[in-house]
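Please work through each task before reading its solution.

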Amino acid sequence: MRDILVAGNWKMNGDAARNSELLAGILAGVPVSDRVRLLVCPPFPYLAAVAEQIADSPVELGAQTVSEHPSGAFTGEISAAMLRNVGCSYVLVGHSERRSLFGESSDAVAAKFSAALEGGLRPILCVGETLAEREAGETRIVIDRQLNAVLERVGIAGFGTAVVAYEPVWAIGTGLTATPEQAQDLHRHIRSILAAHDADVAETILILYGGSVKGDNAAGLFSMPDIDGGLIGGASLKASDFLAIATVAASL
Ligand code: PGA
């Protein structure tokens with residue numbers, strides 16, 4: 001049986017004091033489970049402090065994006081090796097906000113995924129369709145395109161340590177959630193694309209759902225056979241909300 005990963009994407013929120021309080025709250029209530037893994041992805045400036053605060057805990061650390069370059073004259077960029085150096089094990093790549101607000105193409109996302117692997121990080125590849133794409137019946141086409149860009153770049157072997165997050169854009173931060181059945185349908189589709197390349201990788205890879213996950217909808221989603229946890233935005237900013245989701249995961 002696969003683990004359940006509950007990952008908090010803090011986005012551009014928080015400050016030193018609020019992060020420390022949030023983490024203290026999370027650390028005080030981590031549910032006991034050998035199947036549930038917790039991850040937080042704070043903004044860059046706080047990674048080192050968060051790493052220190054979670055050092056003796058089961059909570060793991062991730063970043064929200066990474067440069068596609070390993071080092072050099074790229075003002076403002078942060079490399080995978082730097083993230084590793086301050087204690088990250090994971091990094092989000094291709095979050096829909098990066099794709100839509102910062103113009104990251106599928107090729108750029110693939111390059112970041114590759115750079116994450118080179119730097120020893122586990123990429124969490126976010127894929128998902130917009131409302132217009134869903135309404136046009138293009139959901140699978142979009143997801144296939146986003147996945148295939150990465151598969152072409154790193155091959156299926158590159159997915160051995162990776163995680164995929166299916167995040168329908170229309171469900172992010174909107175309070176709308178895909179139904180467990182809608183999400184399961186796409187999760188199974190993603191797993192089947194990977195299975196066409198390597199059955200073992202497809203069987204073991206964690207595929208998270210993201211988009212308005214909360215304590216009261218997590219059970220339905222995480223009970224689905226191909227949903228292995230969640231990428232949580234809004235509900236990761238309050239310890240009680242995040243723990244409610246983690247506790248649901250631990251009860252399954
Ligand atoms: P949300 O964000 O939980 O606030 O919808 C999810 C995400 O953007 O990863």
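Helices, of at least four residues, and strands, of at least two, are DSSP runs numbered from the N terminus. The model is predicted.

**Exercise 1.** Locate Ser 212 in the chain and determine whether it is buried or exposed.

*Solution.* Step 1: Ser 212 belongs to the loop between β7 (206-210) and α10 (218-222). Step 2: its relative accessible area is 12%. Step 3: buried means under 20%, and Ser 212 is therefore buried.

**Exercise 2.** Identify the residues that come nearest to the ligand, and describe the make-up of the shell.

*Solution.* Step 1: the ligand has 13 residues around it, of which Lys 11, His 95, Glu 167, Gly 173 and Ser 212 come nearest. Step 2: by class, the shell comprises four nonpolar, seven polar and two charged residues.

**Exercise 3.** Find polar atoms of the protein that lie close to ligand oxygen atoms, using a cut-off of 3.5 Å.

*Solution.* Step 1: in the side chain of His 95, an N or O atom is 2.7 Å from an oxygen atom of the ligand. Step 2: for Ser 212, a backbone N or O atom lies 2.7 Å from a ligand oxygen. Step 3: a polar backbone atom of Gly 233 is 2.8 Å from an oxygen atom of the ligand. Step 4: the ligand alone exposes 280 Å², and the protein buries 95% of that.

**Exercise 4.** Examine the phi angles of Lys 11 and Ser 212.

*Solution.* Step 1: most residues other than glycine have a negative phi. Step 2: Lys 11, in the loop between β1 (4-9) and α1 (16-28), has a positive phi of about 50 degrees. Step 3: Ser 212 also has a positive phi, near 55 degrees.

Technical notes: Residues are numbered from 1 along each chain as its sequence is written. This is a predicted model: local features need pLDDT of at least 70, side-chain atom pairs count only at pLDDT 80 or more; totals for chains, interfaces and linings use all residues. Side-chain values use heavy atoms; hydrogens and water are left out. A residue is near a molecule or strand if one of its heavy atoms lies within 4 Å of it. A polar contact is a pair of N or O atoms within 3.5 Å; within protein, one must be able to donate a hydrogen and the other to accept it, and residues adjacent in sequence count only if both atoms are side-chain atoms. Accessible areas come from the Shrake-Rupley method with a 1.4 Å probe; for residues, only the protein chains shown count as cover. Ala, Val, Leu, Ile, Met, Phe, Trp, Tyr, Cys and Pro count as nonpolar, Asp, Glu, Lys and Arg as charged, and the others, Gly among them, as polar. Buried means under 20% relative accessible area, exposed over 50%, partly exposed in between (1.4 Å probe, protein chains only).
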